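Please examine the sequence and the model below before reading on. The paragraphs that follow lead from the naming of the parts to the pockets, the ligands and the backbone.

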Amino acid sequence: MEVIELKHPLILHKLTILRDKKTGTKEFRELVSELSSFLCYEALKDAELKEVEIETPMTKMKSYKLDEDKYAFMPILRAGTGMLDGLIKIVPNAKIGHIGLYRNEETLEPVRYFYKAPSHLENRETIVLDPMLATGGSAADAITLLKQSGAKKIKFLCIIAAPEGIKRLQEVHPDVKIYCTAIDEKLNDIGYIVPGLGDAGDRIFGTK
Ligand code: PRP
Ligand code: URA
């Protein structure tokens, strides 16, 4: 399954500010949200529409509508919630679930602590959100949980992906399309993306 890296001058510009260690919490949050809206726009390029008849002030016409209920947005806690706002601005009636995972700092493997998904995932398109795809362990485990709940059509949206994370996610879930705004160089020896942006959760929530 392919990886879509969004390439656009506006995205490069916003990523520059996002990555900068001098950028504070408020601006960081706003940028994560904006970049997430761009990712949503791209991920919904193949969205199915239904034809409806409306009346403009001038005339009747046939037009198109998205069945917003068909979408389930699933942020991975914590940092994925920072992306949610950017998606629900665009698809406000999507269903929302939460997947609680954190990385064990020594093994870098995900530890599960919460899971709540909308009903009937088998009939929805499920979009998983996490700003960082590092080793890929968290994304792969989140998607495994979603498939156990019946999800069939799944996309993964992130701000920055490491080649190691892309490889792992493609090996474990080859059917899941990955959307990102940048593919970075590598992981360092403690599993952080380089050049990256540091710890996404801490920067979104100001916890360090
Ligand atoms: C970060 C990030 C991802 C994960 C990525 O979360 O938001 O969920 O690490 O790493 P991986 O691809 O190697 O699994 P973290 O575990 O730091 O939890 P937090 O969001 O609660 O800070
Ligand atoms: N999680 C983060 O928040 N940042 C990284 O670089 C890797 C994992």
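Helices (H or I, at least four residues) and strands (E, at least two) are DSSP runs, numbered from the N terminus. The model is predicted, and local features need pLDDT of at least 70, side-chain atom pairs count only at pLDDT 80 or more, while totals for chains, interfaces and linings use all residues. Residues are numbered from 1 along each chain as its sequence is written, chains are lettered from A and ligands numbered from 1 in the order in which they are written, and side-chain values use heavy atoms, with hydrogens and water left out.

Arg78 belongs to the loop between β4 and α3 (81-88), and a cis peptide bond with omega of about -10 degrees links Leu77 to Arg78. Another cis bond runs from Val194 to Pro195, with omega near 0 degrees; Pro195 is in the loop between β13 (193-194) and α6. In the loop between β6 and β7 (110-116) lies Leu108, whose phi is positive, near 65 degrees, although the residue is not glycine. Most residues other than glycine have a negative phi, and most peptide bonds are trans.

The pockets come next. A pocket is found on a 1 Å grid over the protein atoms alone, as an open set of points where a 1.4 Å probe fits, with protein on both sides within 12 Å along at least five of seven lines; its lining residues have an atom within 4 Å of a point. The volume of the largest pocket is about 770 Å³, where a volume is the space filled by probe spheres set on the points, which are joined across faces, edges and corners. The largest pocket is lined by 33 residues, of which Tyr102, Arg103, Ser138, Tyr192 and Asp199 are the closest to its centre. Two or more lining residues come from each of β4 (71-77), β6 (98-103), β9 (132-133), α4 (137-148) and α6 (200-205). By class, this lining has 16 nonpolar, 8 polar and 9 charged residues; Ala, Val, Leu, Ile, Met, Phe, Trp, Tyr, Cys and Pro count as nonpolar, Asp, Glu, Lys and Arg as charged, and the others, Gly among them, as polar.

Polar contacts with a ligand are pairs of N or O atoms within 3.5 Å.

Around ligand 2 are Arg103, Met132, Ala134, Gly191, Tyr192, Ile193, Gly198, Asp199 and Ala200. A polar backbone atom of Ile193 is 2.8 Å from an oxygen atom of ligand 2, and a backbone N or O atom of Gly198 is 2.8 Å from a nitrogen atom of ligand 2. Of the 230 Å² of accessible area that ligand 2 has on its own, the protein covers 88%.

Technical notes. Near = heavy atom within 4 Å. Polar contact = N/O pair within 3.5 Å; in protein donor to acceptor, adjacent residues only side chain to side chain. Areas by Shrake-Rupley, 256 points an atom, 1.4 Å probe, with all protein chains shown as cover.
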